[in-house]
Amino acid sequence: MTRRTFVAAAAATTAAAAPARLPIQKGVIIEMVQPRSLSYAERFKIARDAGFEVVECYTTPDERTAEEIKKASEATGLPITSVMNQAHWKFPLSSADPAVVAESVKGMETSLRNAHFWGADAVLLVPAVVNEETRYQDAWTRSIVQVNKLLKLAEQLKVVITVENVGNRFLLSPLEFANYVDHFKSPWLRAYFDVGNVTSIGYPQDWIRTLGKRIMKLHLKALDPPAPGQQEGRPRRIPVNWKEVYRALAEIGYRGPATVELRGGDLEYLRKISSRVDEILTGVA
Amino acid sequence: MTRRTFVAAAAASTAAAAPARLPIQKGVIIEMVQPRSLSYAERFKIARDAGFEVVECYTTPDERRAEEIKKASEATGLRITSVMNQAHWKFPLSSADPAVVAESVKGMETSLRNAHFWGADAVLLVPAVVNEQTGYRDAWTRSTAQIKKLIPLAQQLKVVIAVENVWNKFLLSPIEFGNYVDQFKSPWVRAYFDVGNVVLFGYSQDWIRTLGKRIMKVHLKDFKFAKRVAEFTPLREGEIDWKEVHRALGEIGYRGPATVELPGGDLAYLQEVSRRVDLILTGA
């Protein structure tokens, strides 16, 4: 290699490296594949044809449904990356009522077993819900007690409990979210970061940098790039600055999946979403 | 007093205690008294006539204006309870730019001196602003460092730096707000709690109970949500559960002022605002 070709090659690498595709798999929640009348086999095929590489599934206590989902995943070669726990809103782990907590724990146990059965390595958990009855401090204390108990099963099944930031009025600061995760001192408890859920209170790129390696899974929503001139004024749902999110994900070396969480639709609709995710993951806009 | 009359008296006081008027003074930001053409002497009179007991004033570097405000306060007997610092939004203490921080510190020093001159015991401070340039952790670290430097002046002047929860994307959890105040381990840093600002993502009563004795001053406002956007409403017409706020303030034994932070207006408007504060403070 002469000096000239070396310089040219270096320039080419630099140019190519700037808008590099992040090593992140595109995921879709399988229930987003519609119409509802479709079998799981058909849904997985559509998800694959739309360009998605992994799938997130809801918890199911029904063994036949679980079996059908497993077969659909195997037939299409689309791995199930995570299970979205279902009980936590109606039955929060942070409730003062032991019967509600028991229901919540039961739901999480089913989720962990579903994940194990499907070969998924994580369960999405909303750890607590702050409301008129449950104070922030109580949400913190009670959820930690219950999650600690669940970690034994998680470890046994080799499935990580990933707590998500959602509209639950809890874990509203990136520092606090990190402290919450660190509190467990367990590899079986990590973060499921939702990029769209923090825009009214903060900046997703700031959260991503602060949470760093704690992030195991990602949810994407509000995929549209900010419209020209669209500014944040009063607190409200603010568009995501996707270029900054791209930069932050690259910085922390994130290699998990990015799963869209949007309204459902058909193949054509899902293809559009999938190609928009490609843009996001290549830092286009 | 016989046993019977004692029991009757006790019962009466219990009955009266249920919807008790909290020992809280009603305050108004003096700039809310309008029109703007009024002198401070006139504004203070209107504030008093509207039923307010204390006043909050903006920082002013202008000595003549500071003097005018002081005289108006003395003439009407309306005490100035706090100074609302002005520089912190345009020049945040959390900026990465030392020149911006210097401007911010200068503004706070003026506020602390204003407070001392007026006999106010606190300055409202927005400690940091999280934005595209300043991350949450930087906001915490930088603002803490600057406030620590301001504490000696606060102590010397005997004026408390009262940190407020505002829409600055910072201190979004009541636990974290408590920790932020506690880290200074100083009686010269406390909390200025805005009842309205937390309704976007939390419950005012929860914050009051969590912050407890850290709260030195209170701001009152109210919001409702239209299409997920918060809009100012008159007091008691928005999302805030004022009965719960009353209960929580009673529980923590709060005895500072409650200052309204609302659109301004004339005497009749301010009288109505004042009446609504009375309803809030009596748990109506």
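Predicted model: local features only at pLDDT ≥ 70, side-chain atom pairs only at ≥ 80, totals over all residues.
Residues are numbered from 1 along each chain as its sequence is written, and chains are lettered from A and ligands numbered from 1 in the order in which they are written.

Helices (H or I, at least four residues) and strands (E, at least two) are DSSP runs, numbered from the N terminus. Strands count as paired if DSSP finds at least two bridges between them. Strand β3 (residues 80-84) of chain A is parallel to β4(A), with two bridges. Between β3(A) and β4(A) the chain passes through helix α4 (residues 98-118) of chain A, in a right-handed β-α-β crossover. Right-handed means that, with the strands pointing away from the viewer, the path from the first strand over the helix to the second runs clockwise.

Strand β4 (residues 122-125) of chain A is covered on both faces. A:Ala122 and A:Leu124 are buried on one side, A:Val123 and A:Leu125 on the other. A residue is buried if 20 or more other C-beta atoms lie within 10 Å of its own, exposed if 12 or fewer, and partly exposed in between, with C-beta atoms placed from the backbone.

Four bridges link β4(A) in parallel to strand β5 (residues 160-164) of chain A. Here A:Leu124 faces A:Thr162 as its opposite residue. Helix α5 (residues 136-157) of chain A carries the chain from β4(A) to β5(A), and this β-α-β crossover is right-handed.

β5(A) in turn runs parallel to β6(A), joined by four bridges. A:Glu164 is opposite A:Tyr192 in β6(A). The unit of β5(A), α6(A) and β6(A) is a right-handed β-α-β unit. Strand β6 (residues 189-194) of chain A is mostly covered, with six of its six residues buried. Four bridges also connect β6(A) with strand β7 (residues 215-220) of chain A, again in parallel. A:Tyr192 has A:Lys217 as its bridge partner in β7(A). A right-handed β-α-β unit is formed by β6(A), α7(A) and β7(A).

Helix α8 (residues 242-252) of chain A has the buried residues A:Trp242, A:Val245, A:Tyr246, A:Ala248 and A:Leu249. Seen down the axis of α8(A), they fall within an arc of 165 degrees, so they line one face of the helix. The arc is that of the directions from the helix axis to the C-beta atoms. These buried residues pack against α7 (204-211) and α9 (267-281) of chain A. A:Gly253 follows α8(A), with a positive phi near 65 degrees.

Contact between the chains involves 22 residues of chain A and 22 residues of chain B. Two residues are in contact if their C-beta atoms, placed from the backbone, lie within 7 Å. On the chain A side, α5, α6 (174-183) and α7 each supply at least two residues.

Chain B contains nine helices and ten strands. Of its 284 residues, 49% count as buried. The C-alpha atoms of chain B fill a box of roughly 70 × 45 × 40 Å along the principal axes. In helix α8 (residues 242-251) of chain B lies B:Arg247. B:Arg247 is partly exposed, with 15 other C-beta atoms within 10 Å. B:Arg247 and B:Gly283 lie 36 residues apart in sequence and 7.5 Å apart in space, C-alpha to C-alpha.
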